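Hi,

Here is the structure I promised to pass on. Have a look at it first, and then read my notes below.

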Amino acid sequence: MPSLIDIRRRVRSVKNTQQITKAMKMVSAAKLRRAQERAIAARPYSAMLQRILANVAEAASQDPDAGANPLLAVRPENRILLVVMTADRGLAGGFNANLIKLAARFADEHRAKELSYELIGRKGRDFFRRRAKTIHGEHTDLFRNVRYEDAEKIANAIIERFAAGTVDSVYLFVNEFKSVMAPNVTSRRILPIEVPKSQTSVDYIYEQKPEELLGSLLPQYVKVQIYRALVESAAAEHAARMTAMDAASSNAADVIDKLTLYMNRVRQASITREIIEIVSGAAALG
């Protein structure tokens, strides 16, 4: 049976851990509010760009002299690039593990193909580096301050490899912000671009040729996809960490209650034993 000093030491240690988890929860909650606002603000721009792209693509398809854009070229998927977007830190529940499992399952299903990786976030980078995967690019410390310039740099590198024929398709794996309780782990193909269908049949008058507009909109579309994934992942990470730290604080409170109850029992047993020894000694003297 542990002594009272050992139990008190354990209670003090758990209380210190609980203070840390509560502080981390409060920090994540404050960061989540700003990250959530950025993620929600990026969605209308992405939706509007999709509608514009659909209208321009429809107009460009009606021109018989328009050439095919290299970002629309559909080739047999023999060489696949996986863009895996994880966090730089842990302590966020299954945020990183679930996404890595999804990417690993995709890689296992396409093991016969030539796979390469563009890794965003330290957790994903460390996981795939230990497994000796072909890594084209590594990007860390982007989520402290998500900038469009970083997304543009990543997108340009991806576009350059696809246009050069180094890879035949590009898939993005990311945690999208769905709610505070659970992120939405998704994977989608971003190259070759699948042009969305136009929902309206408006005949726009273009100052430039539609194929020229399409050629400038397609790279912009990929950049916006990467940027939106960054802000969505940042918001989902803070939400996952806040939820995980809340659960850790509750578990710490349960452990403290159990240890306190056990400590009281040990102390009561010690007092009872001392009383019995005193009474036994007095009876022996009598």
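**What I found**

Let me start with the lining of the largest pocket: by class, five of its residues are nonpolar, two are polar and nine are charged. Here Ala, Val, Leu, Ile, Met, Phe, Trp, Tyr, Cys and Pro count as nonpolar, Asp, Glu, Lys and Arg as charged, and the others, Gly among them, as polar.

Keep in mind that this is a predicted model, where local features need pLDDT of at least 70 and side-chain atom pairs count only at pLDDT 80 or more, while totals for chains, interfaces and linings use all residues. Residues are numbered from 1 along each chain as its sequence is written, and side-chain values use heavy atoms, with hydrogens and water left out.

Back to that pocket: it holds about 410 Å³ of space. (A pocket is an open set of points on a 1 Å grid over the protein atoms alone where a 1.4 Å probe fits, with protein on both sides within 12 Å along at least five of seven lines; lining residues have an atom within 4 Å of a point. Points are joined across faces, edges and corners, and the volume is the space filled by probe spheres set on them.) Of its 16 lining residues, Lys31, Phe143, Arg144, Asn145 and His238 are the closest to the centre. The elements giving two or more residues to the lining are α1 (4-61) and α5 (210-285). Helices (H or I, at least four residues) and strands (E, at least two) are DSSP runs, numbered from the N terminus.

Now α1 itself. Its 58 residues should span 86 Å at 1.5 Å a residue, and the end C-alpha atoms are 80 Å apart, which agrees; the expected span is 1.5 Å times one less than the number of residues. The helix α1 also has a kink of about 25 degrees centred on Leu32, the bend being the angle between axes fitted to the seven residues ending there and the seven starting there.

On to the strands. β1 pairs with β2 (residues 114-120) in the parallel sense over seven bridges, where pairing takes at least two DSSP bridges. Leu81 stands opposite Ser116 in β2.

Last, the loops. Leu91, between β1 and α2 (95-109), has a positive phi of about 55 degrees although it is not a glycine, and is exposed at 57% relative accessible area. Leu191 and Pro192 are joined by a cis peptide bond, with omega about -5 degrees.

Cheers

Notes. Buried < 20%, exposed > 50% of the residue type's maximum accessible area, 1.4 Å probe, protein only.
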